[in-house]
Amino acid sequence: MKSMKSGSNLEKVIASGNPAVTAELGPPMSASPDEVVEKANILKGCCDAANITDCQTAVVRISSIAAAKIALDQGLEPVMQMTCRDRNRIAIQADLLGAAALGIKNCLCIAGDHQSFSAAGRLKGHAGAKNVYDVDSIQLAGILKKMRDEGLQEGGDPLHESPEFFIGSAWTPGGDPMDFRPYRLKKKVDAGSDFIQTQGIYDIEMFKRQMAKAVELGVPERTAILGGIIVPRSAMMLKYMDKSVAGVSVPKELIERMLKAKDAAGDDKKKMRELQEEEGKKIAVELIKQVLDIPGVKGVHIQAIEWESAMEGIVKDAGLYPRPQL
Amino acid sequence: MIVGSQKPFDEIWEMVKDFKKVLVFGCNTCVAICHSGGAKEAEELASKIRMKASQEGAGMQVDDLAVQRHCEPEYFEPEMEKVRGYDLVLSTACGVGVNFLSERIGETPVYPGLNTTFFGAVTEPGVFVEMCAGCGDCVLHMTGGICPIARCSKTLMNGPCGGTDEGKCEVSSEIDCAWFLIVERMKKLGTMEKLLEIKPPRNWAPGTHGGPRRMVAEHIKDMEEGEAQ
């Protein structure tokens, strides 16, 4: 096996040729580590690494670096997310050194939801906050690469020890303007992204077309693309994502399948939920298989949002269990 | 132009209510064009304050005046004696005007009647849109003439984030996604390849992040000094 960039478990699984599985763990609005510990123990074993989100939806939560360390201590490998929203390049690099010193080996570079997002208006958030966006996500990937491969800070000063991160970026293949998205993916890889996690895919045909373009650009041989799967939990959730989540479109058939599952429960609310959740897990498994069949795809990034308990069954049913021990 | 909008009247009243002799001082350049601080608006605001003062039983003299520009002394110097005769100048110029007058007026306080908002253009009658952020390091030749600093909510330099939806920004469906516009424009110009280069982290120092800015037009300075000799 060629020498590792970071030696992270995720990197090893990708290098081994097995389809990689990442999951997502959203830290809570709490000073207690308990929820992170609990979620980490549910996800451990179901994935090769789990993303620890960085104040997702622009709401204050346990910082991604601290939550990543808590997860790591539980035996779950973290992918620490780092947004450009809240830190300038000085703070970002300081946090990267700190994260590396704590044993964190994967980092996902993202712009981050704008501070006005406030959990899509469900929470107060901090819409009046001043944002930073000193660098963008592509520049951030470049900073990580420069620190790792050249031992230099962005400004040029040397580091005594380089942080050895496996560098990740996000990709929204279905985002506007769609014909530019494969090129933006290429830029992310040119900047230094070792792996890519995509926005949730429901429209497999669209993803196939975008992947074919990515293949044309020679991207998949230079990075590991993990297709995003957001496990649907209800017809309402699918409709919401189709209508309101940028870059996500949900084919009618999937929404209809969920509605059918819901209707089969009659007036029984509990059953309505159970049947939709069962159908949602089935849909997730099908999507995983379809995504993994697309040329150039090296794994899946499965998000069972606030529903970590669903992960194990899904991974098993998709034939991705147990995870390789490398 | 510099775009500003009048502060809410309640806020203005809180500022002025304890003064006896107030001048509402308008500026007839940018803020007149955006209908918020020119001679007409200064006159209307003075009248509104007089009415409120009368309702509240506050004995207050409120006058109005406007000059062509608040950012060059030659326009307001001739009126300075008049302006100094008040307890308060409520300026409806942009923030530049308020600062500049404050430094020259002596003991009289100068308060802002406007919130100065941005550098913008009139996209349709009554609609003003931000188009430049005065960042000090223009990149418009690389982005099809559409500014990612002023017009992208995240000041991104390398293309659209995942929040673009049908050409609109994730912050609001009222905001065009700058990067959507840039990509479409570059396609039309046949210069898409420029967008494939990675733009490195910016030097923000020429913007407000390098401290307050100053520009010296050497040729003008030299010419003036030459004439003085």
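The structure is a predicted model, in which local features need pLDDT of at least 70 and side-chain atom pairs count only at pLDDT 80 or more, whereas totals for chains, interfaces and linings use all residues. Residues are numbered from 1 along each chain as its sequence is written, chains are lettered from A in the order in which they are written, and side-chain values use heavy atoms, with hydrogens and water left out.

Chain B is divided into domain 1 (2–118) and domain 2 (136–210), with bounds taken from an automatic or database domain assignment, and the C-alpha centres of these two domains of chain B lie 37 Å apart. The secondary structure of chain B consists of nine helices and seven strands, where helices (H or I, at least four residues) and strands (E, at least two) are DSSP runs numbered from the N terminus. Chain B is more spread out than a compact globule, because its radius of gyration is 22 Å, well over the 17 Å that the globule rule gives for 229 residues; this radius is taken over C-alpha atoms, and the rule is 2.2 Å times the number of residues to the power 0.38. Along its principal axes, the C-alpha trace of chain B spans about 65 × 55 × 30 Å. Of the 229 residues of chain B, 40% count as buried, that is, under 20% relative accessible area, as against exposed at over 50% and partly exposed in between (1.4 Å probe, protein chains only).

Within chain B, strand 4 (residues 88–91) pairs with two other strands, pairing being assigned if DSSP finds at least two bridges between the strands. Strand 2 (residues 21–27) of chain B runs parallel to strand 4 of chain B and is joined to it by four bridges, with V89(B) as the bridge partner of L23(B). Strand 5 (residues 110–112) of chain B also pairs with strand 4 of chain B in the parallel sense, over three bridges, and here S91(B) stands opposite P112(B). From strand 4 of chain B, L88(B) and L90(B) point one way and V89(B) and S91(B) the other way, and all are buried.

The largest nonpolar core has 93 residues, and those with the most contacts inside it include L96(A) and I302(A); such a core is a set of buried Ala, Val, Leu, Ile, Met, Phe, Trp, Tyr and Cys residues joined through side-chain atoms within 4.5 Å. Apart from this core lies another, of 17 residues, among them A46(B), V62(B), L88(B) and L90(B).
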